[in-house]
Amino acid sequence: MLSWAGMQWGALLLAAILAAVVIVIRLVARWLLVRMVLGKAEVTIQPQRARLGEVLSIHYRQPIKQSRRLERFVLSLICREWVQYTRGTKTYHDRYEVTAAPHVVLENSELTAGGQLASQLTMQVPPGAMHSVRFKHNRVEWAVRSEIRILRYPRYTQEWPIDVLPLLVPPGTAAEGRV
Amino acid sequence: MTEGQLAVEVDPGPWPEPEHAHCWPVRATVTGMVSWDSPKPTKIRSLTVELRWRTEGRGDTDQASAARQELAKGQLPPGQHRWPFQLALPPEGPITYEGHLIRIIWELRAFLDVARGPDLEFTVPVTVLPDYDLGQLAAALA
């Protein structure tokens with residue numbers, strides 16, 4: 001006869017297996033999205049090493065392989081704090097993210113096979129922000145992120161890191177950005 | 001017991017406002033004076049001054065000494081002594097930061113390593129700010 005504790009362990013095991021299956025399904029769906037619906041994104045960011053207050057020029061192109069309904073395509077500039085800490089013998093990570101310049105490129109549109117997702121836009125690194133730092137336990141990271149939502153597919157995101165320097169663009173010299 | 005008073009006077013930074021007196025941009029040189037006043041002779045291993053930063057917040061601490069200068073060692077006679085110092089801030093920063101998970105704190109620390117007796121230290125908080133890209137500023141003003 002199965003004990004109460006045994007049943008609890010069984011339920012836990014079942015939940016873990018289900019969670020693993022869901023993760024695998026999501027990963028496969030994401031892979032399918034990239035391989036079957038969209039081609040590889042080509043992104044140019046200028047400059048790669050930006051100063052605080054600097055306007056970045058972003059050129060994004062991604063071929064469309066299959067026609068689908070696009071819910072949303074957003075390009076944004078993100079700043080992420082990443083920390084590592086130890087409690088006892090375990091190591092943990094935490095992160096906090098700020099989206100500095102979200103830009104909705106397309107919304108509720110039809111993607112046509114043979115076409116491409118394309119955008120050319122500018123984003124400004126906020127002048128009062130923190131520059132990139134990379135220490136052993138503490139980091140501040142900057143990246144351009146694309147977020148694509150296609151009907152009946154999981155959200156697909158990609159990031160391209162940039163390096164933000166502890167230098168300010170002198171006032172009046174930066175081009176006006178779409179922030 | 002170490003008898004005497006250790007102190008640090010930091011020259012004002014490049015900004016004229018009094019509230020920015022202890023602010024410097026990256027790449028700047030922080031200057032000032034360390035003083036030691038004692039009625040007795042003091043034997044020391046070293047007297048150093050350094051600019052250093054550390055992180056605080058959720059993550060484990062990262063820290064580094066950005067610049068260090070040894071000002072004296074050996075026997076210090078009684079009386080008041082003053083040593084000028086100049087320490088350069090690194091161009092790569094980090095700048096002083098108050099974030100959500102991370103804080104970056106800078107300080108200037110004078111440390112008197114006494115040969116026979118307790119050591120003494122004196123710290124002054126400093127604020128490090130981003131610098132203007134002067135190359136481009138010069139080009140824009142030309």
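## Confidence of the model

The model is predicted, and the predictor gives the complex an ipTM of 0.85 and a pTM of 0.82. For chain B the average pLDDT is 89, and 92% of the residues score at least 70.

Strand β4 of chain A covers residues 68–87. Of its 20 residues, 14 are buried, so the strand is largely enclosed by the rest of the structure. Buried here means that a residue has under 20% relative accessible area.

In a regular strand the side chains alternate between the two faces of the sheet.

## Strands paired with β4(A)

One partner of β4(A) is strand β9 of chain A, residues 138–150; the two run antiparallel and are joined by 13 bridges. Within this pairing, A:Leu75 has A:Ser146 in β9(A) as its bridge partner. Strand β6 of chain A, residues 103–111, also pairs with β4(A) in the antiparallel sense, over seven bridges. There A:Arg69 stands opposite A:Glu110 of β6(A).

Strand β5 of chain A, residues 90–99, is another antiparallel partner of β4(A), with 10 bridges between them. A:Trp82 has A:Arg95 in β5(A) as its bridge partner. β4(A) and β5(A) form a hairpin with two residues between the strands. In this hairpin A:Gly88 takes a positive phi near 70°.

## Contact between chain B and chain A

The contact involves 29 residues of chain A and 27 residues of chain B. Between the two chains an area of about 2,400 Å² is buried, and carbon and sulfur atoms give 63% of this area.

## Polar pairs and contributing elements

How many salt bridges are there between chain B and chain A? The count is one. This salt bridge is formed by B:Arg58 with A:Asp94, and the closest N and O atoms are 2.2 Å apart. Across the interface of chain B and chain A, 15 residue pairs are in polar contact, with both residues at pLDDT 80 or more.

On the side of chain B that touches chain A, at least two residues each come from β4 (42–57), β8 (102–114), β10 (131–132) and α1 (134–141) of chain B. Which element gives the most to this side of chain B? It is α1(B), with three residues.

Key
Residues numbered from 1 in each chain as written. Chains lettered and ligands numbered in written order. Heavy atoms only, no water. pLDDT = per-residue confidence, 0-100. Buried < 20%, exposed > 50% of the residue type's maximum accessible area, 1.4 Å probe, protein only. Helix = DSSP H or I, 4+ residues; strand = E, 2+ residues; numbered from the N terminus. Pairing = 2+ DSSP bridges. Contact = heavy atoms within 4.5 Å. Buried area = accessible area lost by both parts, 1.4 Å probe. Salt bridge = Lys/Arg side-chain N within 4 Å of Asp/Glu carboxyl O. Polar contact = N/O pair within 3.5 Å; in protein donor to acceptor, adjacent residues only side chain to side chain.
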